[in-house]
Amino acid sequence: MAEVTPVAEKVTSYFYALLFVRHPHLRPLFPAAMDAQRDRLLRALLTAAEHIDNTPALVAYLQDLGRGHRKYGTRAEHYPAVGECLIGALSRYASASWDAETEAAWVRAYTTISQVMIDAAAADELRAPAWWHAEVVAHELRTPDVAVVTVRPDQPYPFLAGQYTSLETPWWPRIWRHYSFASAPRSDGLLSFHVKAVPAGWVSNALVHRARPGDTIRLGPPTGSMTVDHTTDSGLLCLGGGTGIAPIKALVEDLAEHGARRSVEVFYGARTDHDLYDIDTMLRLQQAHPWLSVRAVVDRQARRRLPDAVRAYGPWHEYDAYLSGPPAMIRNGVDTLTAIGIPSERIRHDAVEELVLAR
């Protein structure tokens, strides 16, 4: 890993070159433009291999990947080709440390990794489709670059508050992006997402600026572990930055529906007042539920980041913590919360790229 990490971009390029030259029938499984996809598959494989001994976290991570890969059309017979090209790329760029023993270890690791994913996909196939079609039924532009998009799936879509899914638009086939559910499961079956258009974000810009009621998107399976344990009465400390407030709102609604009276403290972070696009909704929830407290933390006013603002309140030792927002906020938040005494096993988040590392 130390040898290939500095040249990861070359490793990735060579990996895909091998894959598409040796197995051209796999090319249609990937988007036409590979700029966003290129790093993801290899990074996931390397992350999994690096944490091969962390069984509980790794298995959950791989099972999610296996289920999620069904929407691409991935089948069990595709995995050996990927493994072959992974070994080929690593052996080329880790030549100083590569030998028969190293290759055997990587073969064992990849065999274990792929089998967990294959088994999860096979089990999922018995109970759920590979994807759902969903019609856009409402599109509300909250700011020039943030929209609340509400869709109606074509068949029942079971999920839990706090989870997320992947979306594909008709304008960019085979390009999927993750978005959290912005509400708890609803009796009418509708799903809502908060989407912020980001520079060069193909899916986000399409959803914010192009999607309209009547359009059809595709949904992957629900996933994520940032859900509420209703068997305890611990308080909840929730940090939501930007559109990360969406799953926090869903958790609050979930607690309300379960009749909870647990203390819930929400810190809603934003760079400016303008970015507090959902503050009215959160304040209405606070007014309706005496166990809920909502605090807005605006960086440019407070001159401090959201995790730092949490230090001014508390203590939080008896709380379960939930974090949702930009990766940097989550990293800083985890550091802050552990430093003030919250055990790491009581801190939940779903920063997809860092899920295994955080666990």
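Trainee: Why is Glu265 called buried?

Mentor: Its relative accessible area is 12%. Buried means under 20%, exposed over 50%, and partly exposed in between, with a 1.4 Å probe and protein chains only. So Glu265 counts as buried. Bear in mind that this is a predicted model: local features need pLDDT of at least 70, side-chain atom pairs count only at pLDDT 80 or more, and totals for chains, interfaces and linings use all residues. Residues are numbered from 1 along each chain as its sequence is written, and side-chain values use heavy atoms, with hydrogens and water left out.

Trainee: What makes the meeting of Glu265 and Arg295 a salt bridge?

Mentor: The N to O distance is 2.8 Å. A salt bridge needs a side-chain nitrogen of Lys or Arg within 4 Å of a carboxyl oxygen of Asp or Glu. Glu265 sits in strand S8 and Arg295 in strand S9 (residues 292–298), 30 residues apart. Strands (E, at least two residues) and helices (H or I, at least four) are DSSP runs, numbered from the N terminus.

Trainee: Which label does Arg295 get, buried or partly exposed?

Mentor: Partly exposed, because its relative accessible area is 23%.

Trainee: How many salt bridges does a search of the whole structure find?

Mentor: It finds 13. One of them joins Asp278 and Arg142, with the closest N and O atoms 2.7 Å apart. Asp278 lies in the loop between strand S8 (264–270) and H8, and Arg142 in strand S1, so the pair ties together parts that are 136 residues apart in sequence.

Trainee: How do you know whether Asp278 is buried or exposed?

Mentor: Its relative accessibility is 2%, so Asp278 counts as buried. Arg142, at 28%, is partly exposed.

Trainee: What makes Asp145 and Lys196 a salt bridge?

Mentor: Their closest N and O atoms are 2.9 Å apart. Asp145 is in the loop between S1 and S2, Lys196 is in strand S5, and 51 residues separate them. Asp145 is partly exposed because its relative accessibility is 24%. Lys196 is partly exposed too, at 34%.

Trainee: Why is Arg70 called buried?

Mentor: Its relative accessible area is 12%, so the label is buried. Arg70 lies in the loop between helix H3 (55–68) and helix H4 (79–93).

Trainee: What does Arg70 touch?

Mentor: Leaving out residues up to four places away in sequence, Arg70 touches Ala121, Asp124, Glu125, Ala128, Pro129 and Ala130. Contact means heavy atoms within 4.5 Å.

Trainee: Why are H7 and H8 called roughly parallel?

Mentor: Their axes cross at roughly 20°. Angles under 35 degrees count as roughly parallel, over 145 as roughly antiparallel, 65 to 115 as roughly perpendicular and the rest as oblique. H7 and H8 are therefore roughly parallel to each other. The axes of H7 (residues 245–257) and H8 (residues 279–288) come within 11 Å. Axes are lines fitted to C-alpha atoms, for helices over the stretch in contact, and angles run from 0 to 180 degrees between N-to-C directions.

Trainee: Which residues meet there?

Mentor: Ile245, Lys249 and Val252 in H7 meet Thr281, Met282 and Leu285 in H8.
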